[in-house]
Amino acid sequence: MEFSERGIQTLEKEGFSSVSELVGSPDVVQSFPEALSPVALLVTDGMLTVVYGSTTRHLQVGDRLDIPSSVPYVISAGPTGYQLIFGENKEV
């Protein structure tokens, strides 16, 4: 089983109701509003930087970041872009 499939299964087992793959183009910056529930990001390819609250995290393949609910965040793709597994609870 490949890494991204295991990541999807892991987040689903943890109770995330919506799990999907996201792809970011090189050097693109995206802002995300406050989530109503915690969000999980699991990097499967490339590199990215996430800024949330007063925290900045640089992530690469295999890294996971859990962002608490009610915290807006910004994702900046690295020079080769990124692919990640994104988990959230939409039923909140």
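Okay, let's start with Asp27, which sits in the loop between β1 and β2 (29-32). By the way, helices (H or I, at least four residues) and strands (E, at least two) here are DSSP runs, numbered from the N terminus. Just so everyone knows, this is a predicted model, where local features need pLDDT of at least 70, side-chain atom pairs count only at pLDDT 80 or more, and totals for chains, interfaces and linings use all residues. Residues are numbered from 1 along each chain as its sequence is written, and side-chain values use heavy atoms, with hydrogens and water left out.

Back to Asp27: its phi is positive, about 60°, although it isn't a glycine. Asp27 is exposed, at 57% relative accessibility. For that label, buried means under 20% relative accessible area, exposed over 50%, and partly exposed in between (1.4 Å probe, protein chains only).

Ser70 isn't a glycine either, and it has a positive phi of about 65°. You'll find Ser70 in the loop between β5 and β6 (73-88), and it's partly exposed at 47%.

Now, how many salt bridges are there? The count is 2, taking a salt bridge as a side-chain nitrogen of Lys or Arg within 4 Å of a carboxyl oxygen of Asp or Glu. One pairs Glu14 with Arg64, with the closest N and O atoms 2.6 Å apart. Glu14 is in the loop between α1 (3-13) and β1 (18-24) and Arg64 is in strand β5 (residues 64-67), so this pair ties together parts 50 residues apart in sequence.

Arg64 also meets Asp66 in a salt bridge, at 3.0 Å from N to O. Through shared partners, Glu14, Arg64 and Asp66 join into one network.
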